[in-house]
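Ready to work through a fold with a pencil in one hand and a viewer in the other? Try each task before reading its solution.

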Amino acid sequence: MKMISRGRRPALFAVFALLAVASTVHVASAASDDRNRPPRASAGEVVKIEERRTALFQVMLDHPDNLDAAFEYAALSSQVGDLEGAIATLERMLIFAPGLPRLQLELGVLYFRLGAYEAARGYFEAAVAAPNVPAEVRQKVATYLEAIDQKSDGIGFSGSYTIGTRYQTNANGGPTSSLVNLRGLNYELSEDARSSPDVNLFASGEFRSVFDLPAQGVEFKLNGQGHTEFYRDRSDLNLGLLEMTAGPSFDLNRFGLEGYSLDLYGVGAGAVLSGEPFLGSYGGGALLGARPSTDAYYGLRGEYRRETFFNSDDHPTMAEKSGDHFQVQMAATYRLSPSVSAGLAGIADRFNAEVAYNTYWQLGGVAGLSFDYASPIEALPGAWNLALSSQLSRRVYDAADPMVSTDSQDTIKWGVNLIQTIPIETDLAAQLQAGYQHAWSNYDTSKSDNFFLSIGLKKVF
């Protein structure tokens with residue numbers, strides 16, 4: 001049995017994150033000269049809808065106070081793109097039912113779709129002015145009003161930052177056992193290569209900015225995120241990450257794809273480890289998103305990055321991991337009820353490294369649920385949130401690492417994550433997080449597990 005010292009193995013980029021449930025509506029483009037919109041229904045459905053609209057129109061002439069007929073007529077008008085017809089119908093109904101929140105809400109949504117944001121604001125504010133308005137309606141109105149505020153000034157800016165501390169049983173991502181088998185021989189890992197528990201202080205932040213461009217339905221998005229962490233014992237794991245994306249976003253409503261958007265972006269990122277350059281990357285991607293309602297979102301993303309790793313005293317062969325990274329991601333989020341949301345994502349990666357034994361295919365998936373519930377503490381009246389997610393991925397390498405085995409590496413990772421968010425103020429919350437990650441592999445050096453606990457404060461702006 002021999003003692004060896006492997007390069008330190010910080011677990012930097014594990015793909016274990018639940019996509020956040022989208023909380024803002026898709027912002028419609030400015031109103032065009034033609035206030036109507038392309039039909040949402042197919043050509044065959046349009047014929048049937050028009051027949052039904054004709055019948056309903058006669059009903060409204062005979063019984064102008066028939067709210068059910070008016071609502072159905074307005075809904076069908078919206079489906080065939082006649083938004084002004086829908087608005088005119090509902091506004092007439094206000095004569096017979098003044099102050100009805102349902103009417104005011106629907107009118108606000110229709111004016112929003114037209115891009116008449118101030119008219120939409122008036123109806124939204126009126127919809128929640130009455131007493132005993134359902135919480136679901138208030139939440140929907142708040143989401144639209146937030147989108148209107150961002151649209152009105154031509155620039156939207158938001159973000160958050162979090163600071164906290166985290167304990168991990170395996171901070172460096174070391175192997176489960178101190179004994180590993182390399183090409184049929186048993187070796188004992190040196191102290192710094194074994195799994196090591198540690199505590200760190202961390203800070204992370206993100207921002208999102210949207211700028212209106214002169215072209216109708218086109219925006220420019222600028223996003224950034226950063227993360228840094230400092231360890232009590234393993235200073236060699238001290239990490240800093242920064243990533244920026246920027247590019248245009250196109251509202252596809254004018255092409256008959258209502259609720260769809262296409263984002264094209266460039267991306268640049270960098271990382272330092274223990275004060276030395278660790279990673280630099282650049283590339284680009286595209287995201288096709290669909291928001292059929294304020295409760296649902298679907299997205300398809302394709303991305304390419306050129307990733308360059310740098311050698312250091314702790315990682316003398318990291319440059320061999322440099323290469324081209326391709327990823328395809330499909331994601332869906334849905335609000336099942338006013339208090340329950342679900343998210344699901346599938347990810348496929350191809351990484352072409354400088355050497356074959358660092359080149360791999362990877363498939364993964366993430367699923368999660370988010371629950372809002374009433375605060376159990378009277379002094380903290382805001383709704384609490386509990387989010388549970390689970391992740392599974394498999395990575396298969398093209399060739400064997402000659403230092404480890406005659407077989408190529410095959411590794412499966414699974415994890416579970418629980419986050420409890422406790423609002424303290426409207427823009428400040430405490431977050432408690434617990435999780436577990438486990439890796440199975442035909443390489444002893446890649447078998448690991450890690451349990452972690454963290455507590456932090458999150459500020460939203």
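## Exercise 1: A salt bridge between strands

Asp263 counts as buried, at 13% relative accessibility (buried is under 20% relative accessible area, exposed over 50%, partly exposed in between, with a 1.4 Å probe and protein chains only). Before going on, some ground rules: this is a predicted model, where local features need pLDDT of at least 70 and side-chain atom pairs count only at pLDDT 80 or more, while totals for chains, interfaces and linings use all residues. Residues are numbered from 1 along each chain as its sequence is written, and side-chain values use heavy atoms, with hydrogens and water left out.

**Task.** Find which residue forms a salt bridge with Asp263, and where the two sit in the chain.

**Solution.** 
1. Use the cut-off: a salt bridge is a side-chain nitrogen of Lys or Arg within 4 Å of a carboxyl oxygen of Asp or Glu.
2. The partner is Lys221, with the closest N and O atoms 3.1 Å apart.
3. This pair links distant parts of the chain: Asp263 lies in strand β8 (residues 260-273) and Lys221 in strand β6 (residues 218-231), 42 residues apart. Strands here are DSSP runs of E with at least two residues, helices are runs of H or I with at least four, and numbering starts from the N terminus.
4. Now check the cover on Lys221: at 25% relative accessibility, it counts as partly exposed.

## Exercise 2: Two further pairs

**Task.** Are Arg305 and Glu243 buried or exposed?

**Solution.** 
1. The side chains of Arg305 and Glu243 meet in a salt bridge, 2.9 Å from N to O.
2. Arg305 belongs to strand β10 and Glu243 to strand β7 (residues 239-251), so the pair joins distant parts of the chain, 62 residues apart.
3. Arg305 is buried because its relative accessibility is 15%, and Glu243 is buried because its value is 19%.
4. Lys447 bridges to Asp444, with the closest N and O atoms 3.2 Å apart.
5. Searching the whole structure gives 15 salt bridges.

## Exercise 3: An asparagine in a loop

**Task.** Which backbone atoms does the side chain of Asn170 reach?

**Solution.** 
1. Locate the residue: Asn170 is in the loop between β2 (155-168) and β3 (179-182).
2. Check its cover: Asn170 has a relative accessible area of 4%, so it is buried.
3. Its side chain reaches the backbone nitrogen of Gly173 at 3.2 Å and the backbone oxygen of Asp449 at 3.1 Å.
4. Setting aside neighbours within four places in sequence, Asn170 touches Ser195, Ser196, Pro197, Ser448, Asp449 and Asn450 (contact means heavy atoms within 4.5 Å).

## Exercise 4: Checking helix spans

**Solution.** 
1. Helix α2 (residues 67-79) has 13 residues and reaches 18 Å from its first C-alpha to its last, close to the expected 18 Å.
2. Helix α3 (residues 83-96) has 14 residues and should span 20 Å; its end C-alpha atoms are 21 Å apart, which agrees.
3. For the buried side, α2 has Ala69, Phe71, Tyr73 and Leu76 among its buried residues, while those in α3 include Leu83, Ile87, Leu90 and Met93.

Technical notes:
Expected span 1.5 Å × (residues − 1). Polar contact = N/O pair within 3.5 Å; in protein donor to acceptor, adjacent residues only side chain to side chain.
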